[in-house]
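Subject: The structure I promised

Hi there,

Here is the structure for you to look through. Have it open while you read, and my notes follow below.

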Amino acid sequence: MLLQTCKSRREATLSKRWLKSASLMLVGAFLAAACSQGGGGTGGGKGEIIIASDFPVSGADRASGRPAEAGTAYAIQTNNTIKGFTITHKPYDDAVNGVHDPQKGAQNVTDMCNNSKVLGMVGPFNSNVARATIPVANKCNLVMISPSNTNECLTQTFDYCDPKPAALRDASQPQNYFRVAAPDTVQGPAMADFAYDTLKITKIAVWSDNETFGKGVADNFAKEFQKKGGTVVVRQDFDTKTTSDFKPFLQRAKDAGAGGIYAGATSATKGCIPRAQSKGILDVPYLGPDGIGDSQCIKDAGDQATDKMYYTNAAADASQDSANKDLIAAFTKAFPQKDDTGAYTFPAYDCAKIVLDALSRAIDAAGGNMPTRKQVLDAVQNTKSLKLSTGTYSFDKNGDPTSATMAFYQLKGSDWAFVKQFGVGQ
């Protein structure tokens, strides 16, 4: 009887323990299901997807690259979950000693390729960095979309292109490079037309930093200026890593009767140093591409930073569209530093939005699961009439926008001021 009683008590105790354990398991399963259900909606329970960026954000080049990085960051911060996935931003700096560096850019993109969570990239800022990074990203099917690359030879084949676009890509791989900026076949000629038709300049001196972007835009400027009937009285390319004295060039320009100077360069490649050195030699309009459209150029021009300075931007000015008023105000509140806002803040924001939109469609194509890089780049290629802050975007087979906008700015006081913009079809 005593043995039977002990046995019954032991069985009852075991039964209670089993029931308690089973109850805990059921509660845990319920909570797991609830969390999973939430992650499939607005949460990020399915995993992490990284959108990387690659811009020069240190030294002299920070004035160019930081606005684009900030625009990218803001787009991702305000769209940080998509269909159950958490979206994060991983920024890279491709500047070495303050100047954009193609090799550093290639190293950055190699790191992106080796991280399976990175499914898209915004950047790079400079065309010579793009030339070095396109082959790397192409091999791993990583979609890259630039707000500011303008060299035409990145996407378009001309006799003078060296290398040609095909040499940057593996023929067995899909096209993975895109941009929203107008190419230099538009940017260079646009300023040439402005110089000849609006500023009434008939003789001009042209120099470049001899880089992919600078030389390309300078050559396109010179061709159009001569086509208009103007004369390029001096044309010179410099190695700006070893050249700091531009006075001999400026003196030659003066002696030849130049009524203006065109600089095919960026601020990091000393784009506005000649403007400062022109003091006492000649005081004529100083023109350039988007590479000089930043605060570093104004600083470098010194007391020659006047309203005779102009630059073109290969993308629209978001502030010219009243629909962007709230967006701009919200961005400025979130990113209040002076170097957070620049000509390519919102083009970069739009690039990130294009990747985000593509991710949503790629997740659908993957049945709600983690998409492949190939599915993401296919979705970017298939972007159609996506209305964003700087334009409505679709892409041709080369990755160029089917329409783009060219804007002009003039230095007014201590900052660049919008002059005009117009749409261009590719």
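A residue is called buried under 20% relative accessible area, exposed over 50% and partly exposed in between, using a 1.4 Å probe and protein chains only. This is a predicted model, in which local features need pLDDT of at least 70 and side-chain atom pairs count only at pLDDT 80 or more, while totals for chains, interfaces and linings use all residues. Residues are numbered from 1 along each chain as its sequence is written, and side-chain values use heavy atoms, with hydrogens and water left out.

First, the overall picture. The protein chain has 12 helices and 17 strands; helices (H or I, at least four residues) and strands (E, at least two) are DSSP runs numbered from the N terminus. Of its 426 residues, 54% are buried.

Two loop residues may interest you. Asn-141 sits in the loop between helix 4 (127-139) and strand 7 (144-146), and Asn-141 counts as buried because its relative accessible area is 17%. Leaving aside neighbours within four places in sequence, Asn-141 is in contact (heavy atoms within 4.5 Å) with Gln-173, Pro-174, Arg-373, Lys-374 and Leu-377. Thr-266, in the loop between strand 11 (261-264) and helix 8 (273-277), is buried too, at 4% relative accessibility. With the neighbours within four places in sequence set aside, the contacts of Thr-266 include His-100, Asp-209 and Phe-213.

The axes of helix 5 (residues 184-198) and helix 6 (residues 212-227) come within 7 Å and cross at roughly 45°; axes are lines fitted to C-alpha atoms, for helices over the stretch in contact, with angles from 0 to 180 degrees between N-to-C directions. Helix 5 is therefore oblique to helix 6, since angles under 35 degrees count as roughly parallel, over 145 as roughly antiparallel, 65 to 115 as roughly perpendicular and the rest as oblique. Among the residues making this contact are Met-191 and Tyr-196 of helix 5 and Phe-213 and Phe-221 of helix 6.

Now for some backbone details. Most residues other than glycine have a negative phi, and most peptide bonds are trans. The bond joining Gly-123 and Pro-124 is cis, with omega about 0°, and the one from Asp-162 to Pro-163 is cis with omega near 5°. Asn-97, not a glycine, has a positive phi of about 55° and is exposed at 78% relative accessibility. Lys-200 likewise has a positive phi, about 60°, and is exposed at 62%.

Best wishes
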